[in-house]
Amino acid sequence: MQIKRILSASALTALAAGAAAVGLAGPATAGVSGPAFYVDHVLYRTVATPTDLSGTGAPDHTFDAIYSFGAAQPSVAESAPGYRDYNGGRWQVHAVSLPNGHDAALASGDLDHDGVLDSLDEVMAAISAGDAVDTGVVKWFVCTVNRVPASQA
């Protein structure tokens with residue numbers, strides 16, 4: 001059973017700004033992004049496609065999650081090519097709010113103390129502490145995932 005959540009106008013505005021800031025293209029845009037999100041402490045970029053899979057009825061387990069922090073920091077995804085459970089670039093974007101601010105989320109979630117939440121474990125630690133809140137899925141789309149070369153990270 002899927003639970004629907006209602007986002008406040010400010011949360012939607014923050015997510016829209018954040019999605020643009022981290023390179024998550026919407027249905028009307030496409031192209032190569034700059035560094036867009038982390039997977040297990042590694043920075044990735046995308047080649048976005050103008051897709052919207054929100055009305056397909058596809059089961060949740062056929063998507064991977066991206067946690068979007070708006071403009072606070074790059075997003076964090078749970079999977080990438082080569083991972084056993086990678087779903088081929090089908091994504092659900094979860095909006096994440098930081099009720100106590102980004103510094104509080106880092107204090108509770110930045111397990112390797114590198115100044116950014118850059119893994120699913122770190123995102124979940126901040127959520128468990130109440131310093132980050134998953135406000136629900138706000139976008140379903142397809143894009144590739146390409147590791148950012150170390151020289152560009």
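Phe37 is buried in this predicted model, because its relative accessible area is 0% and the cut-off for buried is under 20%. Tyr44, at 8% relative accessibility, counts as buried too.

Where do these two residues sit in the fold? Strand 2, which covers residues 37-39, and strand 3, which covers residues 42-45, pair in the antiparallel sense over three bridges, and the bridge partner of Phe37 in strand 3 is Tyr44. Helix 3, residues 120-128, packs on the sheet, where it touches strand 5 (64-68), strand 6 (75-77) and strand 8, and the direction of helix 3 makes about 60° with that of strand 5.

If we look at the sheet as a whole, seven strands form an open sheet with mixed pairing, in the order 8-7-5-6-2-3-9. The edge strands, each pairing on one side only, are strand 8 (133-142) and strand 9 (146-147).

Now to the rings, where the structure holds three aromatic pairs. One of them is formed by Phe37 and Tyr44, which are stacked, with 6.3 Å from centre to centre and 15° between the planes. Phe37 and Tyr44 also belong to one aromatic cluster together with Tyr86 and Trp91.

Rings meet charges here as well: Arg90 lies over the face of Phe63, at 4.5 Å from the ring centre, while the charged end of Lys139 sits over the ring of Phe141, 5.4 Å from its centre.

Finally, how many salt bridges does a search of the whole structure find? It finds one, in which the side chains of Arg84 and Asp85 meet at 3.8 Å, N to O. Arg84 counts as exposed, because its relative accessibility is 78%.

Note on methods
Residues numbered from 1 in each chain as written. Predicted model: local features only at pLDDT ≥ 70, side-chain atom pairs only at ≥ 80, totals over all residues. Heavy atoms only, no water. Salt bridge = Lys/Arg side-chain N within 4 Å of Asp/Glu carboxyl O. Buried < 20%, exposed > 50% of the residue type's maximum accessible area, 1.4 Å probe, protein only. Pairing = 2+ DSSP bridges. Helix = DSSP H or I, 4+ residues; strand = E, 2+ residues; numbered from the N terminus. Contact = heavy atoms within 4.5 Å. Axes fitted to C-alpha atoms, helices over the stretch in contact; angles between N-to-C directions. Phe/Tyr/Trp six-rings, centres within 6.5 Å; stacked < 30°, edge-to-face > 60°. Lys NZ or Arg CZ within 6 Å of the ring centre and 35° of its normal.
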